Amino acid sequence: MITGFLLNGFDTRARIVVAILIAIALLVPAANLMLPPDHPLHVPTYLVTLMGKYFAYALLALAVDLVWGYCGILSLGHSAFFALGGYAMGMYLMRQIGTRGVYADPILPDFMVFLNWKELPWFWYGFDMFWFAALMVVLVPGAIAFVFGWFAFRSRVTGVYLSIITQALTYALLLAFFRNDMGFGGNNGLTDFKDILGYNVQADTTRATLFALTVLFLALFFFIASAITRSKLGKVLVGVRDAESRTRFLGYRVENYKLFVWTLSAMMAGVAGALYVPQVGIINPSEFAPANSIEAVIWVAVGGRGTLVGPIVGAITVNFGKTWFTGVLPEFWLFALGALFIVVTLFLPKGIVGTVQAFWANRRRPAAPASLAPEPAE
Amino acid sequence: MRALTVLVTALWLMLSAALAPTAAAATAIADPDLSRLVNQLAEGGFDEVEAAIGALVATGDDRVSSILDKLGSGDLFVRKADRVVVLTEAAGRELKLTDPVTGADLGMVPKAAVEKIRVNNRLRRTVAAAIGTLTLRSDDPAVRRSAAEAVMKSKDASAIPALDAAIAAEPDEGVKGVMIAARATAVMASDLPEADKLAAVETIGDLGTRDALAMLTSYTGLEGPVGEAARKAATSIESGLLLWDAAQNISYGISLGSVLLLAAIGLAITFGVMGVINMAHGEMVMIGAYTTFVVQEIIRTSAPGLFDYSLLIALPLAFLVSGGIGVLIERSVIRWLYGRPLETLLATWGVSLILQQAVRTIFGAQNREVGNPSWMSGSFMVGELSITWSRLWIIVFSLVVFAGLMLVLKRTTFGLQTRAVTQNRSMASAMGIRTPWVDAFTFGLGSGIAGIAGVALSQIGNVSPNLGQGYIIDSFMVVVFGGVGNLWGTLVGAMTLGIANKLMEPYAGAVLGKILLLVFIILFIQKRPRGLFALKGRAIEA
């Protein structure tokens with residue numbers, strides 16, 4: 001049954017996307033490491049890291065799309081899960097610094113020595129082991145999302161209210177992580193990483209590997225998401241999105257479906273954060289900012305929500321635009337981003353991918369009546 | 001014991017009453033007499049000098065205190081030839097002499113012709129006390145108050161009689177209170193009998209202020225009844241102060257609540273009444289604040305005299321600017337998105353980014369300074385409560401805005417139409433209401449209110465392009481907590497959150513308090529998803 005479930009997700013389009021992603025994961029590091037720097041196809045390391053960052057964002061966007069595009073839950077707090085995953089990874093990386101820190105304390109990270117802490121707080125135990133940290137990357141965002149969702153969905157907080165309290169959640173975490181006595185480095189966050197699993201994080205090979213891992217994880221989660229959305233479970237989720245009350249009256253336990261997809265999405269966001277941190281080399285509380293969550297939502301909207309390729313396309317396009325704009329016209333990036341929000345919601349409600357799909361569908365069957373498939377509603 | 005104190009006080013009262021006219025008459029004492037008394041300062045030993053000081057003080061003449069001041073600092077000299085007391089001033093090798101009473105020039109003499117009037121520590125104290133006495137009876141209340149405060153610091157027992165006289169003659173209640181406190185402190189430091197000290201402890205205890213508590217704590221360690229009385233008085237002051245502290249926190253809370261109310265009330269219209277999630281609401285507040293800044297800049301350069309009225313001028317302008325931008329946003333963006341709240345949220349977020357960046361481009365990213373008019377600066381005390389004028393005005397202002405908005409919505413045709421459209425759009429339209437216009441103007445009203453909130457908030461915080469961001473989450477919390485579609489809910493929600501925040505702050509710290517409050521709201525929404533004052537009815541489920 002499980003096999004059938006998984007094979008079901010592996011339709012032609014998903015196969016193409018996964019194949020492309022795997023190709024990227026293999027070719028870009030190869031072009032970086034194997035080709036000499038003066039070769040026209042050589043990819044410089046900074047570009048590898050930059051693209052790795054984009055793909056981590058794409059993974060976050062995929063997570064947002066899974067809840068928003070397929071279940072109608074507009075989360076303005078996904079950056080919280082992203083940042084929590086990032087912090088879990090950052091804590092592992094901090095513990096790996098060991099005596100190479102400024103204060104050369106074998107156990108305590110620099111900021112704790114600086115704050116005159118005598119011993120490691122209990123929640124830092126275990127983070128010297130990679131498997132533990134990797135587990136926490138998934139478990140912490142998952143657990144918080146589960147508890148939050150348990151309360152929120154059971155008391156039927158929906159729509160805008162849910163969006164606003166997810167925003168409050170990430171805002172509360174933002175404030176909390178800014179505090180020095182929380183034990184997460186205050187507003188400086190965690191940085192100055194040295195090693196990951198014994199490999200130098202600055203080395204070209206490590207960076208290329210991290211990039212490949214990010215893209216492979218994206219492929220894996222794309223596959224999982226595709227399997228879910230094409231299964232019966234996925235159909236129920238779309239039912240919840242389009243007519244929650246009706247789905248409930250048909251006998252489905254709406255809150256359980258929501259809770260499942262919500263928690264899964266939070267875990268995906270956590271993984272995205274964990275892949276993001278070693279590549280950018282820092283994690284600080286500003287990652288929790290509600291504005292970041294809303295930006296992730298616009299990636300999905302630009303790419304096309306309710307399609308799984310859309311968020312990947314959207315995240316990469318928007319972030320490429322951001323990099324380009326902040327390099328060329330730093331003043332105008334916010335104008336462009338703001339205009340993007342307005343233009344997409346007003347004129348491109350299906351996003352790039354959704355619009356292209358509709359265009360192709362019309363070309364293939366020009367005489368066919370308008371699609372009967374439900375549009376993504378609120 | 002107390003009877004004795006009363007008796008003593010009564011005696012002093014009578015005595016000073018008897019002395020008062022004499023003192024008044026004595027200010028007009030003739031120069032020769034005063035000069036004679038001043039010359040006495042140079043005669044005999046320290047005892048005689050002390051007696052002469054007493055005689056001088058008794059005259060009550062205004063000039064005495066400056067002469068005594070010179071004596072205390074060792075600047076008073078006597079001319080050896082005729083034993084006349086003089087003031088000196090170095091002029092080359094010689095000294096220029098002046099008469100201390102009349103200020104007349106007495107010519108130049110060599111340095112050897114004069115001799116300093118010597119004072120010892122006892123005399124210096126006497127002089128200080130005498131000056132204290134004289135200033136305690138000064139015509140200027142501020143001088144009298146600072147004299148009493150000086151005694152409170154020095155705890156000089158010798159000032160007690162002077163204080164008693166001054167207390168009896170004191171017309172100003174405030175100054176009198178300080179004097180009484182000063183007297184009590186002096187009594188505590190003196191070697192007066194226990195009865196007086198007990199009475200003094202009681203006097204200090206009755207003050208009930210923080211200073212009084214500080215005074216008492218130095219005596220709580222004493223043995224015997226005095227120490228006990230001090231301990232008792234200290235505890236009673238402490239419990240009283242605890243109440244004042246709570247009151248102070250509540251006053252901060254009301255002030256924060258009024259700020260939240262101002263920030264949220266516009267949102268209560270656009271979000272609460274119209275159902276539009278306006279993420280650009282904070283930017284409307286910010287634009288209002290920048291309007292104030294521009295108005296003040298213009299006034300500064302062209303009509304500085306009008307500065308005190310700058311806020312009054314800025315209010316209608318801010319309403320028009322923010323409201324106008326609001327109407328523009330509604331007509332260009334939001335009207336296409338009615339019924340799609342999540343899309344509205346994203347689009348207005350985009351608007352907010354554009355507005356922020358526009359303001360940053362025009363005015364720069366740094367904070368702009370908006371001045372306080374004179375009637376908004378400073379503070380005053382109510383008991384132990386310290387209240388700043390700006391906070392008080394903002395509380396008043398927020399309530400006025402609230403009441404005004406209520407009136408508009410409940411008593412005008414426009415308000416009626418607004419309510420009709422929000423309750424049943426198609427029916428309202430069928431009745432001939434032009435719903436698109438009502439939408440535009442309602443949104444404009446909400447935005448305009450946000451603008452005038454910006455005028456007020458510019459007075460208590462930084463004016464920067466990010467100003468609105470700081471308020472947007474709080475505003476949504478208030479509206480959601482209070483209950484959507486109900487202005488009373490917004491009022492109660494704002495005040496509750498403000499006061500709860502400030503009451504938690506001393507125990508949990510500012511940041512943790514805020515986090516706890518956010519968690520509380522998240523949990524509260526689980527329990528009552530429609531807020532405190534939910535609209536009842538079946539039409540709510542969309």
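1. In this predicted model, B:Phe380 stands opposite B:Ile387, a residue of strand 7 of chain B. The two strands concerned, strand 6 (residues 379-382) and strand 7 (residues 385-388) of chain B, pair in the antiparallel sense over 4 bridges. Together strand 6 and strand 7 of chain B form a hairpin with 2 residues between them, and in that turn B:Gly383 has a positive phi of about 60°.

2. Is B:Arg368 buried or exposed? B:Arg368 counts as buried because 20 C-beta neighbours lie inside 10 Å, and the cut-off for a buried residue is 20 or more. Leaving aside residues up to four places away in sequence, B:Arg368 touches B:Phe293, B:Phe363 and B:Val463. The C-alpha atoms of B:Arg368 and B:Asn462 are separated by 6.9 Å, although these residues are 94 residues apart along the chain.

3. Turning to the contact between the chains, 38 residues come from chain A and 34 residues from chain B. On the side of chain A that touches chain B, the elements that give two or more residues are helix 6 (130-154), helix 7 (159-178), helix 12 (290-303) and helix 14 (333-347) of chain A. Helix 7 of chain A gives the most to this side, with 14 residues. By class, the side of chain A that touches chain B has 28 nonpolar, 6 polar and 4 charged residues.

4. Helix 7 of chain A deserves a separate point. Helix 7 of chain A has 20 residues and reaches 29 Å from its first C-alpha to its last, which is close to the 28 Å expected at 1.5 Å a residue. This helix is also mostly covered, with 15 of its 20 residues buried.

5. Elsewhere in chain A, the buried residues of helix 9 (residues 232-242) are A:Gly234, A:Leu237, A:Gly239, A:Val240 and A:Arg241. The buried residues of helix 9 of chain A pack against helix 3 (45-71), helix 8 (204-230), helix 10 (244-249) and helix 11 (254-280) of chain A.

6. For chain B, the domain assignment gives domain 1 (2-74 + 117-207), domain 2 (78-116) and domain 3 (245-527). Where domain 1 of chain B meets domain 2 of chain B, 13 residues of domain 1 are in contact with 9 residues of domain 2. Helix 2 (31-40) and helix 4 (64-72) of chain B each supply at least two residues of the domain 1 side, and helix 2 of chain B gives the most, with 5 residues. The residues on this side of domain 1 of chain B divide into 6 nonpolar, 3 polar and 4 charged.

7. The confidence values should be read alongside these points. The model scores ipTM 0.84 and pTM 0.75, while chain B has a mean pLDDT of 80, with 93% of its residues at 70 or more. Within chain B, confidence is lowest in helix 1 (residues 2-26), at a mean of 48, and highest in helix 13 (residues 310-332), at 93. Over residues 14-28 of chain B the pLDDT is below 50, and this stretch has 13 contacts in the model beyond near neighbours in sequence. The pLDDT also stays under 50 over residues 538-542 of chain B, for which the model has 2 contacts beyond four places in sequence.

Conventions: Residues are numbered from 1 along each chain as its sequence is written. Chains are lettered from A and ligands numbered from 1 in the order in which they are written. This is a predicted model: local features need pLDDT of at least 70, side-chain atom pairs count only at pLDDT 80 or more; totals for chains, interfaces and linings use all residues. Two residues are in contact if their C-beta atoms, placed from the backbone, lie within 7 Å. Ala, Val, Leu, Ile, Met, Phe, Trp, Tyr, Cys and Pro count as nonpolar, Asp, Glu, Lys and Arg as charged, and the others, Gly among them, as polar. Two strands pair if DSSP finds at least two bridges between them. The expected span of a helix is 1.5 Å times one less than its number of residues. A residue is buried if 20 or more other C-beta atoms lie within 10 Å of its own, exposed if 12 or fewer, and partly exposed in between; C-beta atoms are placed from the backbone. pLDDT is the predictor's confidence in each residue, from 0 to 100. Domain bounds come from an automatic or database domain assignment.
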